[in-house]
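Reader: I am new to this structure. Could you take me through it, one question at a time?

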Amino acid sequence: MNLGLIVSLVVAAIAAGAGQSGQLQWFKGNLHTHTWWSDGDSPPETVVGWYKEHGYNFLVLSDHNGLSEGTKWINPEKSTKSTAATLYEKKYGPGWVENGQPPGKTEGPTYWRAKPLAEVRAFFEEPGRFLLIPGEEVSAAFEKHPVHLCALNLRDAIPAQKGKDVTETLQNNVSAIVEQSAKTGTLMLAQINHPNFKWGLTAEDIMPTQGATLMEVYNGHGSVGNSGDEQHPSLDYIYDAVLTRRLAELNLSIIYGTATDDAHSFTTGGAGGSHPGRGWVVVRARYLTPEKILKAMQKGDFYASTGVVLKDVEFHGDTLSIEIQPAPGVTYRTQFIGTLAGYDPKTSPRSPDPKADLTLKYSDDVGKVLSEQAGTKASYKLTGNELYVRAKVISSAKQPNPSVEGDVELAWVQPVRPQAGK
Ligand SMILES: [Zn+2]
Ligand SMILES: [Zn+2]
């Protein structure tokens, strides 16, 4: 977090309808979603409509390996997309949807035209209320390891880049985003997606990466292993290892933590699967534009959530304070998590098999709970000895639409560093 810029603020919750007022306000958004342009089950309007109707202020359509541009015809009979096509026509009407025979075909099933982002933006966007940010999930792989990144505010599609190992594959894809940003003079951000999906990325794969601003600490897809398993550590564990080594040993910047939906399924519901409304970010900005939202995220002025709403987050005088918007009957505890200078840097392998590709075991000094507080207000005064401190709010409320049964609502406040003398 760029601390000089974070002053004490009393900020209203989501200021829907406030327009482009220039006041600091919280904007809720989802950075990772799929549509008919790749493997999502629904057309962009159904997806965008869902988020707009559920009070989100911005959305990134991040289809795999391409931007939603040009013309694409979908044959719903070939997949599970026929339910989506029926719902689409019912909701948006025959005057809006386009179906029939695509150019060059005269017979066969009815196709549906997936509309490009430009048309969808014109239909849904409202200044200060709802924004679409162009994106792509650059979906690469090294051997069996998926290496996926959301490229935010992208202008030109980026093909998946290769590398000689997982780390280099990740770096080459991040670099492609960074290079396009520099070349076009446009702010773009790279987010490292679902490290535990097919156990694709270890903490050690991620930590040397240069140019990535964000990393998912929660992804709402049902098979991404946010909490790890007997063999694999959770995303929180990986995140602390990444932060600690980057700051203490590699002299690299903080990577901020996001929660996203990675939604693919808008025609079904219930636990599991990849339904919308599970993970999001809430960004503090003065205007709802791609540049203002991305700039705020670049300096860590946002939090990630799977249900917990924060009234305020403040960092000044080396004190990190948060205030939670209480929900009836729900209790909260806040953990301030960090690593102190002089921590024990020893690591050991998690498995005797060197090919196991598992995140190393770090000492208990890494990502330690420095303080835990109950209630709707919590604060931590840094002593100056911390490499970083972040906060995680754990509520007693179960997520209504969990990717894994029993998951509770959480929030992640971005890491801060001591400012004294800096
Ligand atoms: Zn992915
Ligand atoms: Zn995805």
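Reader: What spacing do the donors of the zinc ion (ligand 1) follow along the chain?

Author: This is a predicted model. Its zinc ion (ligand 1) has three protein donors listed: Glu137 through OE, His148 through ND1 and His194 through NE2. Along the chain their spacing reads E-x10-H-x45-H.

Reader: How many residues apart are Glu137 and His194?

Author: Glu137 sits in strand 6, residues 131-142. His194 is in the loop between strand 8 (189-192) and helix 5 (203-206). The pair links distant parts of the chain, 57 residues apart.

Reader: Which residue coordinates both the zinc ion (ligand 1) and the zinc ion (ligand 2)?

Author: The two ions are 3.5 Å apart. One residue coordinates both, and that residue is buried. It is Glu137.

Reader: Is His32 buried or exposed?

Author: His32 is found in the loop between strand 1 (25-30) and helix 1 (44-53). Buried means under 20% relative accessible area. His32 has 0% relative accessibility, so it counts as buried.

Reader: Which side chain makes a polar contact of 2.8 Å with the side chain of His32?

Author: The side chain of His32 has a polar contact of 3.1 Å with that of Glu137. The 2.8 Å contact joins His32 to another side chain, that of Asp262.

Methods:
Residues numbered from 1 in each chain as written. Chains lettered and ligands numbered in written order. Predicted model: local features only at pLDDT ≥ 70, side-chain atom pairs only at ≥ 80, totals over all residues. Heavy atoms only, no water. Donors = N, O, S within 2.8 Å, 3.2 Å for Na, K, Ca; no water. Helix = DSSP H or I, 4+ residues; strand = E, 2+ residues; numbered from the N terminus. Buried < 20%, exposed > 50% of the residue type's maximum accessible area, 1.4 Å probe, protein only. Polar contact = N/O pair within 3.5 Å; in protein donor to acceptor, adjacent residues only side chain to side chain.
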